[in-house]
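Keep the structure in view as you read.

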Amino acid sequence: MSGSSTFSPLRHRAFLLILVGSLLSHFGNAIQSVGAAWQLTASGQPADIVALVQSATNLPIMLLVLPAGAWADMFDKRRVMLTAQIFMCSLSVLLALLAFAGSVPPAMLIGLTALLACGVACFNPALSASVGGIVPRAELAAGVALNILAFNVARSLGPAIGGAIVAAGGARAAFVTNALSYLAVIVILLRWSPQAAPRGARRGMFEVIGEGFRFAMASPQVRTIMFRAVTFTLTGSAAWALMPLVATNLLGEGSVAFGLLLGALGVGAVIRAATSIWFRQRYASETIIRAAGILYGLVCMGVALAPGLPATLAMLVVGGAGWVQALSGFSVAGQMWAPRALIGRITAMVSSLTFGGIALGSWLWGHFAEAHGAAAALMASGGAMILLPAIGLLVPMPGHQAAVQD
């Protein structure tokens, strides 16, 4: 197995910078989503339009993350991340200026949100591949788990604070905060001086993508991870897409409650991300994914019953734990079953199907909710999540221990 088996102080510093950059970037993304979704909800847009925020946030990631994964393996990862962050910061500034001018119609808001997601699509594979290049293979699962923990800290604090920001200063304040978070990440990346990777022969992007695709298709383990990721997120994305309507239609609350609801999901996610290594050491991958899906499905059905804000918050903490346990499992499995040279591309493929499932599921559940109501959509999504683990009888998740050797 190649790569150092020790985690040197220099690598510790590099990993810390990457972790802080990941935290701030995801923090800004979470606040942006809160601002966009709430602006549409406050302007009286129907459920299918509100749900499009999640589609716009995730569909570009599905479409672009594969070439972005190739770029992460082909080019300097720091430059790729810097370019993505500068692009996103510029778009956030434009969105804030338009919001202050009072000229952000729904189509433009969704379009700019999609363009921001294009930047995220380019940033995330380079970030994940950087973790894989800094952290020794023996500690890769722990490094990935810490990166996911940073993501979920942002998912817990970002929406809650985003809701407060929206309540105090409107959606435009959320857009300004988002721009500032990207600016901070740019500063961090400028301070990071990664060790130059050895340059191989320059190859075309399609050749690089094809190499990753051929490995994925030849690996039954990677194929299974991708299939399970897309089915899980496609089925379970209703709660994320319809949370503004849970706050307004089911609970009769406002923007602060909306932020608290997403924050509760994030708090559960943080708790489970912090304990994910403990679970992986004791339980099989398939057991964890099945339990996570059933737990999350029960929570969705409970939220559909509109039991009041305190009970809903408590349930969403549990639901967030189930959601991130599964997504963490897919992400870690993708990296553990990828050779070091292909890690950017394999991670990108898993991410593509994960975010693609969220994007398509959000669109479908939004239309379902427009026709039958948000409560019915949540109930149907939760019921499907409880039945979904039966797929594991035919295509079980690969184990943790037998991952590919470099």
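## Helices α8 and α14

This is a predicted model. Start with helix α8, residues 220-236, and helix α14, residues 374-387. Their axes come within 8 Å and cross at roughly 155°. An angle over 145° counts as roughly antiparallel, so α8 is roughly antiparallel to α14.

Now look at the contact. From α8 come F232, T235 and G236. They meet S381, A384 and M385 in α14. The residues of this contact divide into 3 nonpolar, 3 polar and no charged.

## Helices α7 and α13

Next comes a pair with another angle. Helix α7 covers residues 205-218, and helix α13 covers residues 343-372. Their axes cross at roughly 70° and come within 9 Å. Angles from 65 to 115 degrees count as roughly perpendicular, and α7 and α13 are therefore roughly perpendicular to each other. The crossing of α7 past α13 is right-handed.

Which residues in α7 meet α13? They are V208, I209, E211, G212, F213, F215 and A216. On the α13 side, the partners are R345, I346 and M349. The residues of this contact divide into 7 nonpolar, 1 polar and 2 charged.

## Helices α2 and α9

Helix α2 spans residues 47-74, and helix α9 spans residues 238-250. The two pack at an angle of about 130°, and their axes are 8 Å apart. That makes α2 oblique to α9. The crossing of α2 and α9 is right-handed.

In α2, the contact residues are A47, V50, A51 and Q54. They meet W240, A241, L242, P244 and L245 in α9. This contact divides into 8 nonpolar residues, 1 polar and no charged.

## The length of α11

A306 follows α11. The phi of A306 is positive, near 50°.

## L98 and its contacts

L98 is found in helix α3, which covers residues 77-100. Leave out residues up to four places away in sequence, and L98 touches S103, V104, M108 and L112.

Now compare L98 with F175. The two are 77 residues apart along the chain. Their C-alpha atoms are separated by 10.0 Å.

## Cysteines and disulfides

How many disulfides does the structure hold? The count is 0. Take C118 as an example. The closest cysteine sulfur to that of C118 is in C122, 7.3 Å away. A disulfide needs two cysteine sulfur atoms within 2.5 Å, so the sulfur of C122 is too far from that of C118 for a bond.

Look from the other side too. C122 is in no disulfide. The nearest cysteine sulfur to C122 is that of C118, at 7.3 Å.

Conventions: Residues are numbered from 1 along each chain as its sequence is written. This is a predicted model: local features need pLDDT of at least 70, side-chain atom pairs count only at pLDDT 80 or more; totals for chains, interfaces and linings use all residues. Side-chain values use heavy atoms; hydrogens and water are left out. Axes are lines fitted to C-alpha atoms, for helices over the stretch in contact, and angles run from 0 to 180 degrees between N-to-C directions. Helices (H or I, at least four residues) and strands (E, at least two) are DSSP runs, numbered from the N terminus. Angles under 35 degrees count as roughly parallel, over 145 as roughly antiparallel, 65 to 115 as roughly perpendicular and the rest as oblique. A crossing is left-handed if the near helix is turned anticlockwise from the far one by less than a right angle, and right-handed if clockwise. Contact means heavy atoms within 4.5 Å. Ala, Val, Leu, Ile, Met, Phe, Trp, Tyr, Cys and Pro count as nonpolar, Asp, Glu, Lys and Arg as charged, and the others, Gly among them, as polar.
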